[in-house]
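Open the model in a viewer and keep the sequence panel beside it. The tour goes from one selection to the next and says what is found at each stop.

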Amino acid sequence: MQEINETQEQNCVGLTVQREARCTNDLLGFSDKELLTLAAKAANYNLTWGAFEIPEIEGFCPPDGGSGYVYWNPCDEDGDALRLASDLQMMISNNGEFAWAVYGEKGYVKLKLEGDKMQVVRRVILLAAAQSGRART
């Protein structure tokens with residue numbers, strides 16, 4: 001059994017994060033733009049950035065079947081985060097105190113559930129996706 005080193009830290013959106021030995025500690029200092037870029041890479045999305053630094057993905061079709069560019073931000077949109085988790089075959093769970101995302105064979109990210117619980121779930125998905133994308137570099 002791996003020993004868990006937990007410390008309290010603030011991530012880039014001010015959420016208190018339970019860091020663990022198996023969680024990628026150095027991603028906590030990344031900006032949302034950097035995390036989104038890594039997450040898109042993991043999911044093989046063609047990410048471009050709009051004039052106002054709003055991420056858009058070319059060819060990622062909106063629910064109505066349209067084409068072209070669509071707004072994509074799993075930091076703020078539950079559906080985008082869930083699609084990202086599904087595309088990367090993550091297992092997402094929570095026990096009322098913590099939320100975690102399991103990705104790949106051994107990777108996981110675990111965050112303490114406090115404040116806006118859906119924001120924490122989206123963040124755990126984004127961090128896990130970013131770590132997966134980072135492993136591809």
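Select Arg-122 to begin: this residue is buried, with a relative accessible area of 10%. Buried stands for under 20% relative accessible area, exposed for over 50%, and partly exposed for what lies in between, with a 1.4 Å probe and protein chains only. The model is predicted, and local features need pLDDT of at least 70, side-chain atom pairs count only at pLDDT 80 or more, while totals for chains, interfaces and linings use all residues. Residues are numbered from 1 along each chain as its sequence is written, and side-chain values use heavy atoms, with hydrogens and water left out.

Arg-122 and Asp-78 form a salt bridge, with 2.6 Å between the closest N and O atoms. Arg-122 belongs to helix H3 and Asp-78 to helix H2, so the pair ties together parts that are 44 residues apart in sequence. A salt bridge here is a side-chain nitrogen of Lys or Arg within 4 Å of a carboxyl oxygen of Asp or Glu. Helices (H or I, at least four residues) and strands (E, at least two) are DSSP runs, numbered from the N terminus.

How many salt bridges are there by this rule? The count is four. For another of them, select Arg-123 and Asp-32, whose side chains meet at 3.0 Å, N to O. Asp-32 is in helix H1 and Arg-123 in helix H3, so this pair ties together parts 91 residues apart in sequence.

Next, show the whole of H3, residues 117-135. H3 has 19 residues and reaches 27 Å from its first C-alpha to its last, close to the 27 Å expected at 1.5 Å a residue; the expected span is 1.5 Å times one less than the number of residues. Of its 19 residues, 14 are buried, which leaves H3 mostly covered. At the start of H3, look for Asp-116: one of its side-chain oxygens comes to within 3.2 Å of the backbone nitrogen of Met-118.

Then turn to the largest nonpolar core, which has 34 residues. Such a core is a set of buried Ala, Val, Leu, Ile, Met, Phe, Trp, Tyr and Cys residues joined through side-chain atoms within 4.5 Å. Select Trp-72, Leu-84, Met-90 and Ile-125, the members that touch the most other members. Among the elements giving two or more residues to this core are helix H1 (32-42) and helix H2 (78-87). H3 gives the most, with nine residues.

The structure holds one aromatic pair. The ring centres of Tyr-45 and Trp-72 are 5.4 Å apart and the planes stand at 85°, so the pair is edge-to-face. Rings of Phe, Tyr and Trp (its six-membered ring) pair if their centres lie within 6.5 Å; planes under 30 degrees apart count as stacked, over 60 as edge-to-face and the rest as tilted.

Last, select Phe-98. Lys-110 lies over its face, 4.2 Å from the ring centre, and the charged end of Lys-112 sits over the ring of Phe-98 at 5.3 Å from its centre. The rule asks for NZ of Lys or CZ of Arg within 6 Å of the ring centre and within 35 degrees of the ring normal. Lys-112 also forms a salt bridge with Glu-97, at 3.8 Å between the closest N and O atoms.

Technical notes: Polar contact = N/O pair within 3.5 Å; in protein donor to acceptor, adjacent residues only side chain to side chain.
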